[in-house]
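Dear colleague,

I am handing over the structure below, together with notes on what was found in it. Please read the notes with the structure open beside them.

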Amino acid sequence: MTAAPSLANIVEIAGLTKRFPGMLALDRISVGFRAGEVHAVIGENGAGKSTLMNILAGDLRPDGGKLLVDGREVKLASPLDSRAHGITVVYQELALCPTMSVAENIMMSDMAARSAVSLLPRDMMRREARDALTRLGMGGLDPDTKVGRLSVAEMQLVEIAGAIRQKARVLVLDEPNSALSKRESERLFEVVRQLRAEGVTIIYVSHHLREVLDIADRVTVMRDGRTIVTLDNEGLSEDQLIRAMVGRDLDAALQWSLQVEPRPEDEDAVLKVENLEAEGLEDVSFSVRAGEILGIGGLPDSGKDALGDALFGLCARRGKVTIDGKELRGADPLAAIRLGMSFVPADRRGSGGLLQMSVADNVVSASLARFSLAGFVRRGAVKREARAQVARLDARISHLGQKLGTLSGGNQQKIILGRSLVTNPRVLVLHEPTRGIDVGAKAEIYSILRGIAGEGMAIVMISSEIPELIMNAERVLVLRDGRLSGELTGQAINETAILARAMTS
Amino acid sequence: MADTVRSGARAAAAGRFELSRLLRVREAGVFIALVVICLFLTFATDAFLTSLNLLNIGRQVSLLGIMAVGMTFVLISGEVDLSVGSTYAFSGLVTGMLIIAGCGLLPALAVGLFAGAVIGVINGILSTYGRLPSLIATLGMLSIVRGAALILTNGQPVTVNARNGALPDVLETFSFMGQGYLFSVIPMQLVFFAIIAVLAWLVLSYSNFGFRVYAVGGSAKAARVSGISVNTVKIWAFVLMGLLAAFAGILSLAFLPSGQAGRTGLGLELDVIAATIVGGASLSGGEGTILGTILGVLIIGVMRNGLVLMGVSPFVQELMIGLVIIIAVGIDKWTTRRAT
């Protein structure tokens, strides 16, 4: 907490704490970033990396602790503030103006610093922008091109060029290569090495351990909102990093998984997926039996987030998906519902529930035909069904007419789950079933899921939360780079095993 | 994701290289449409291609054009202003009443323009600091300002002439602004439109403020992190719009020379937005040019004029204008696929 600022540290974080309602996102973390180093920050989902980056970007304000730049304590109240201190965060969601040219984007801060009542020095802008691009080895990019026409990689480099132009001394790259091809990543790495040679500090947030080991001078591992350890990248291995990332007591989780009895192999598969291909997915095959909970794990860009949409037919796909031997053709969610598939998407507030409508309406919204007569909704039947589901799922609501949006996350998710159950599905696909839900509600949802699996439903649970997979799934498939990279069953399902398959190449 | 974007862009580049080069100049599509309509009218009617008629069109579109120039700023900044028809009426009537009351020309103009600017400031503040969507804020202002005009005039027409009390020399200059001709040939309204358009073009294309307007509408986030005050820029765009709507309203009263709060400029905001959109400005912000807006205004003006010359009924004219709006904007959207 009172660590004297090291002179070599350009940015020093001392005992930084950030609380969100119901959770401690950062718990007195301390880490120093030295001038001219590439410093990787790694950790599982929810380890606190994003919160830390948002604080550095000036988007979030810490609740406690100190942030020092050049040994002086600073408050970063806005992105502008943090840029003024020489810190630029390059997010995946880039802060660029797609309708304007490369030169205009690179020079935007320069122009903002001038008077609004002045001529726009177009030639100078073009020249300076070209200089900045040339420094990054991008001299071939026409400064007059509209940014909206560039590839994601080029956009990133344009944003970096803008940051360099603003004399950024600390450049934070947040998952910079998740959208890049191999060649583009290499180009980015060249840029990173060159910037380091010029004395710029690069904070590199990534899930890709191989790349981290390739590029970083030091690696800080975060876990559960704490900085666990900062390691010099000398003789480090992916295994060491994974062990540092996991490190948590798994006994409790293992107890759960041991209680789940693997089912006999000979039971017929309900859902069969053969050679599934879609945006971000390549050649994925698996099957799920009746009564089985199949877990799907992987990093954010592994393809697991595309899997739910692909299975349900929300995006274009190739390959064969069958339910009880009947093939689901094309991208047609309605056909999927008819054949007995139900999907609970990750984005509860966006695509999941009808927040402005009542609990009762939400419960029946996926099976309206059954509750309609000559085009009119049978209110009585709707009420009976909704009441039954609410009781079965133990959802806490004040009355059936309550708007879904006014419920807590856990109760919303229960109602959305209820909506799926009303359709009597054979296969239930869940994407991040407990995201943003408190621990108590999580446990309740898990027990509901185990209950309905016990009644013979096949469940596919796609989740970023490894403990959730360990607790519930009898079998876990791990995806990496759009392909299956491992299958774990029974006692072999543990955090190290899942991470190892998700992260190492 | 990245791959689709890239391959999409590549396919577009390969397949429509020539076309896309042509369309890179955004105004090209609108310009071609205008030329086609003009050619058609030249052969279909005797009266179209005469200097008298062309100058007449120029006069007819001037007031619409002056307002569309303001709307270009507002749309590029990512907002919209529905109150311009009311501002047009209010400012014109205020100026007219002052002149009738024996006020000098400059004070009367100044008060009318000031009223427009104030309306602009209110629109701007409501849409930025007030966090109302500008569609809603200016819809409210549309009614408020129209109501204010009705209260002010008690619903009675305002006619600017000597009999009503206007000073003779004031009346002469005021009438000249709306009805006069430069060198006895060019309508003064067109002269004002031309001057305003050139100034606006210079500001939008060559000034730091113009740059900010594009930046704010293209990505408020990018503008903000670069240190541009998004709210300030938007408020100024609304003020500019208010000033230009007021000026157009004043010219209208000078031309007619009477107005009535219940009728003047009713529904004008939709014509103004239509012309600006036809000219290539985007309702989602970041896109639009003065040249495009001028072309959009001309397309609508030429269409109206041509349909009159061809003896098409006013009812059908209305329908045709609607079709032009849809087709002009449609062609733009269908032929240029933008990677955003």
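**The contact between the chains**

The contact takes 27 residues from chain B and 30 residues from chain A, where two residues are in contact if their C-beta atoms, placed from the backbone, lie within 7 Å. On the side of chain B that touches chain A, the elements giving two or more residues are helix H1 (2–15), helix H10 (208–218) and helix H11 (220–226) of chain B, and the largest share of that side, seven residues, comes from H10(B). Helices (H or I, at least four residues) and strands (E, at least two) are DSSP runs, numbered from the N terminus. By class, the side of chain B that touches chain A has 13 nonpolar, eight polar and six charged residues; Ala, Val, Leu, Ile, Met, Phe, Trp, Tyr, Cys and Pro count as nonpolar, Asp, Glu, Lys and Arg as charged, and the others, Gly among them, as polar.

**How to read the model**

This is a predicted model, in which local features need pLDDT of at least 70 and side-chain atom pairs count only at pLDDT 80 or more, while totals for chains, interfaces and linings use all residues. Residues are numbered from 1 along each chain as its sequence is written, and chains are lettered from A and ligands numbered from 1 in the order in which they are written.

The pLDDT (the predictor's confidence in each residue, from 0 to 100) has a mean of 84 for chain A, and 94% of the residues of chain A reach 70 or more. Among the elements of chain A, the lowest mean pLDDT, 42, belongs to helix H10 (residues 251–259) of chain A, and the highest, 94, to helix H3 (residues 102–106) of chain A. Over residues 249–263 of chain A the pLDDT stays under 50, and the model has 20 contacts beyond four places in sequence for these residues.

**Domains and core**

Chain A is assigned domain 1 (9–246) and domain 2 (251–503), with bounds that come from an automatic or database domain assignment. The C-alpha centres of domain 1 of chain A and domain 2 of chain A lie 36 Å apart, and their contact takes eleven residues from domain 1 of chain A and twelve residues from domain 2 of chain A.

The largest nonpolar core has 249 residues, and those with the most contacts inside it are A:Leu171, A:Ile459, B:Met67 and B:Leu244. Such a core is a set of buried Ala, Val, Leu, Ile, Met, Phe, Trp, Tyr and Cys residues joined through C-beta atoms within 7 Å; a residue is buried if 20 or more other C-beta atoms lie within 10 Å of its own, exposed if 12 or fewer, and partly exposed in between. Not counting residues up to four places away in sequence, B:Met67 touches B:Val84, B:Leu244, B:Ala245, B:Ala248 and B:Val272.

**Strands of chain A**

An open sheet of four strands has the order E2-E1-E4-E5 (chain A), with antiparallel pairing, where two strands pair if DSSP finds at least two bridges between them. Strand E2 (23–34) and strand E5 (72–73) of chain A stand at the edges, each with a single partner strand, so one side of each is left without a neighbour in the sheet. Strand E1 (residues 9–20) of chain A and strand E4 (residues 64–69) of chain A pair in the antiparallel sense over five bridges, and A:Ala14 stands opposite A:Lys66 in E4(A).

A:Glu274 is found in strand E11 (residues 269–278) of chain A and counts as partly exposed because it has 14 C-beta neighbours inside 10 Å.

With kind regards
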